[in-house]
Amino acid sequence: MIKWWKILSALLILYTLIWGMLGPVPQLDILNETIRNVYYHVPIWFAMLFQMGYSVVYAVKQLSKNDLKTDIISHQAAQTGLFFSLPGLLTGSMWAKFTWGTWWTFQDPKLNGVAIAVLIYLAYFILRSSIDDEQKRARIGAVYNIFAFVMMFVFIMILPRLTDSLHPGNGGNPAFGKYDLDNNMRMIFYPAVIGWVLFSLWILNVKKRLAFLTYANNEI
Amino acid sequence: MNKTVLYHLIKKEFILEFRQKSTLAGILVYIVATVFISALSFKKIIHPTIWNALFWTIFMFITVNVSSKSFMQETKGKGLFNYLHYHPQTFILSKIIYNMVLMAVLSLLTFFFYSWFVGNMVQDFGMFLLALLFSSSAFSGVLSLMSAIASKANNNISLMAILSFPVLMPLLLVSVKLSKHAIDGLAWSVSYKYLLILVMLNFVVVALATLLFNYLWKE
């Protein structure tokens with residue numbers, strides 16, 4: 001059965017892919033045409049953060065309910081989030097090359113934050129794989145997930161606002177909302193965010209069902 | 001949560017530590033050896049940034065090493081005894097406070113040896129000591145929980161490092177920044193916000209650790 005939101009996400013992403021390339025954009029120095037990356041880079045990060053938030057919500061549910069299904073969802077959401085960090089990094093790295101002149105810089109707290117976030121989730125998977133007992137793995141994984149998410153949130157959301165960053169909206173740089181993003185761009189940016197978040201949910205849905213089936217299969 | 005129980009638990013940790021002097025002596029040798037090796041290999045450090053980076057790297061490795069054993073001695077029987085007798089929050093708080101004191105002392109010792117062998121570059125001592133103090137307490141909060149997690153999962157030492165390094169990173173960056181300001185002797189009005197973040201992170205870390213330990217503790 002095909003759900004309406006799956007079709008919606010495919011249509012929205014298709015629309016932003018095509019109209020994002022063709023539509024009018026403001027002519028700005030340095031950014032030039034690369035401003036179109038706003039439609040791809042930023043929504044992909046939103047999808048990643050959404051998935052990681054989803055994972056934490058289910059980690060909390062796991063601790064309160066002690067149900068293995070919530071643990072499976074939490075684990076799969078973390079995997080999906082980590083998967084989304086790859087295109088996010090790729091688009092960001094290309095954008096950085098053409099605007100800041102480098103593929104990667106350690107000067108920017110957001111880049112460091114993302115690198116740490118990837119490390120944190122890799123550590124989470126290693127922790128999970130080192131515990132054999134299912135119940136124990138679910139509980140300990142959830143504890144690490146919650147703790148790590150809070151630290152990552154501090155790192156990505158709070159620290160960049162205090163130090164200098166090359167990203168817009170931090171350290172005195174103007175945010176997109178101020179004047180970079182005009183109304184034409186908004187018409188593509190917001191659908192792109194919704195489209196990519198729905199798309200990440202779609203991936204999660206497939207992964208989740210597969211994981212449930214594998215689990216049921218192992219039970220027998 | 002009971003205050004006298006907490007007090008006695010902390011006292012127990014200290015008594016155990018001093019009864020078994022070999023571990024404490026081991027840590028001291030570790031500190032001196034690490035500092036001495038870095039002094040020998042660097043010869044003379046001129047640049048304050050490198051001085052700072054090296055100091056905090058040594059500090060991080062020492063704290064991870066010290067705290068990794070804080071739950072290791074919990075055998076099956078001991079764990080059951082603790083589970084039956086103590087409230088989990090009291091128990092983890094006792095570990096955190098004990099680690100705080102230990103790490104504060106060790107960080108001061110590290111600083112002492114480091115400035116002896118490598119040379120001292122700090123201009124604003126008060127700020128630097130505050131950075132040391134607050135970061136060692138925040139580190140102890142994070143590392144106590146991480147060592148509890150690592151002790152529940154089977155392989156201890158490598159897992160401890162894998163789990164704690166990425167989580168420590170935000171803390172470490174704030175303390176590195178703050179101590180860099182202290183080294184350069186910048187005015188307090190410039191760096192007070194980093195101190196504020198460090199204090200705030202302390203609260204966040206300790207609160208989270210005490211909350212989450214409840215769930216680790218059930219077997």
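**Chat on chains A and B**

Colleague: Leaving aside neighbours within four places in sequence, which residues is Val118(A) in contact with?

Modeller: Val118(A) is in contact with Leu82(A) and Ser85(A). Two residues are in contact if their C-beta atoms, placed from the backbone, lie within 7 Å.

Colleague: What should I know about the source and the numbering?

Modeller: This is a predicted model, where local features need pLDDT of at least 70 and side-chain atom pairs count only at pLDDT 80 or more, while totals for chains, interfaces and linings use all residues. Residues are numbered from 1 along each chain as its sequence is written, and chains are lettered from A and ligands numbered from 1 in the order in which they are written.

Colleague: Back to Val118(A). Where is it placed, and how exposed does it count as?

Modeller: Val118(A) lies in helix H4 of chain A. Helices (H or I, at least four residues) and strands (E, at least two) are DSSP runs, numbered from the N terminus. Val118(A) counts as partly exposed because it has 18 C-beta neighbours inside 10 Å. A residue is buried with 20 or more other C-beta atoms within 10 Å of its own, exposed with 12 or fewer, and partly exposed in between; the C-beta atoms are placed from the backbone.

Colleague: What is the overall make-up of chain A?

Modeller: Seven helices and zero strands. Buried residues make up 40% of its 220 residues. Of the contacts in chain A with a separation of 6 or more, 73% are between residues 24 or more positions apart.

Colleague: Helix H3 of chain A has 32 residues. What span should it have?

Modeller: It should span 46 Å, at 1.5 Å a residue, and its end C-alpha atoms are 46 Å apart, which agrees. The expected span is 1.5 Å times one less than the number of residues. Within H3(A), Thr70(A) is 42 Å from Phe98(A), C-alpha to C-alpha, and 28 residues away in sequence.

Colleague: Is Thr70(A) buried or exposed?

Modeller: Buried, because it has 20 C-beta neighbours inside 10 Å. Not counting residues up to four places away in sequence, Thr70(A) touches Tyr58(A), Lys61(A), Gln62(A) and Lys65(A).

Colleague: New topic. How many residues does the contact take from chains A and B?

Modeller: 23 from chain A and 20 from chain B. H5(A) gives the most to the chain A side, with 14 residues. That side divides into 20 nonpolar, one polar and two charged residues. Ala, Val, Leu, Ile, Met, Phe, Trp, Tyr, Cys and Pro count as nonpolar, Asp, Glu, Lys and Arg as charged, and the others, Gly among them, as polar.

Colleague: Which residues of H3(B) meet H6(B)?

Modeller: Thr63(B), Val64(B) and Ser67(B) in H3(B) meet residues of H6(B) that include Phe139(B) and Leu143(B).
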